[in-house]
Amino acid sequence: LQDAQGRPLSADDYLEKSLHAPAQAGEQGQAAREARRGLLHFFKHRSCATLPPPTKTGEFRTAVERLRQEVLSTCLANPKAVAGQPLSCFSMVQLLRQLTTAANDGRILNIKAA
């Protein structure tokens with residue numbers, strides 16, 4: 001990853017720059033602002049992982065497995081709760097899938113609705 005000037009950029013720095021990017025006009029810009037606001041509000045501790053293209057099968061599988069292990073370790077080390085109800089690792093993954101779908105669809109992120 002590189003910034004606009006071609007300097008190396010870590011995945012976490014890329015995420016933070018994206019979450020704090022200037023607002024764009026229009027309906028999609030509003031949806032993007034709301035999604036960024038939701039991510040900033042609900043996820044105080046964030047990290048970003050980059051994956052190589054799936055065409056690089058061996059590298060892709062290794063990176064996905066590393067990401068899977070990181071998510072599992074984080075889930076086990078830092079149990080989460082929603083509305084006072086503890087989440088299992090399976091529930092946490094389901095919640096993340098629903099939030100990812102909402103973000104990709106341009107919908108406002110809502111933990112309670114997920």
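Accessible areas are computed by the Shrake-Rupley method with a 1.4 Å probe, and for residues only the protein chains shown count as cover. On that basis the protein chain exposes about 8,600 Å², with carbon and sulfur atoms supplying 55% of it. The model is predicted, so local features need pLDDT of at least 70 and side-chain atom pairs count only at pLDDT 80 or more, while totals for chains, interfaces and linings use all residues. Residues are numbered from 1 along each chain as its sequence is written, and side-chain values use heavy atoms, leaving out hydrogens and water.

**Overall fold**
- The protein chain has 4 helices and 2 strands, which are DSSP runs (helices H or I, at least four residues; strands E, at least two) numbered from the N terminus.
- Along the sequence the pattern is α-α-α-β-β-α.
- The C-alpha atoms fill a box of roughly 45 × 40 × 25 Å, taken along the principal axes.

**Burial and Asp-3**
- Of the 114 residues of the protein chain, 18% count as buried (under 20% relative accessible area, with exposed over 50% and partly exposed in between; 1.4 Å probe, protein chains only).
- Asp-3 lies in the segment before H1.
- Asp-3 counts as buried because its relative accessible area is 13%.

**Contacts along the chain**
- Among contacts (heavy atoms within 4.5 Å) between residues at least 6 apart in sequence, 29% join residues at least 24 apart.
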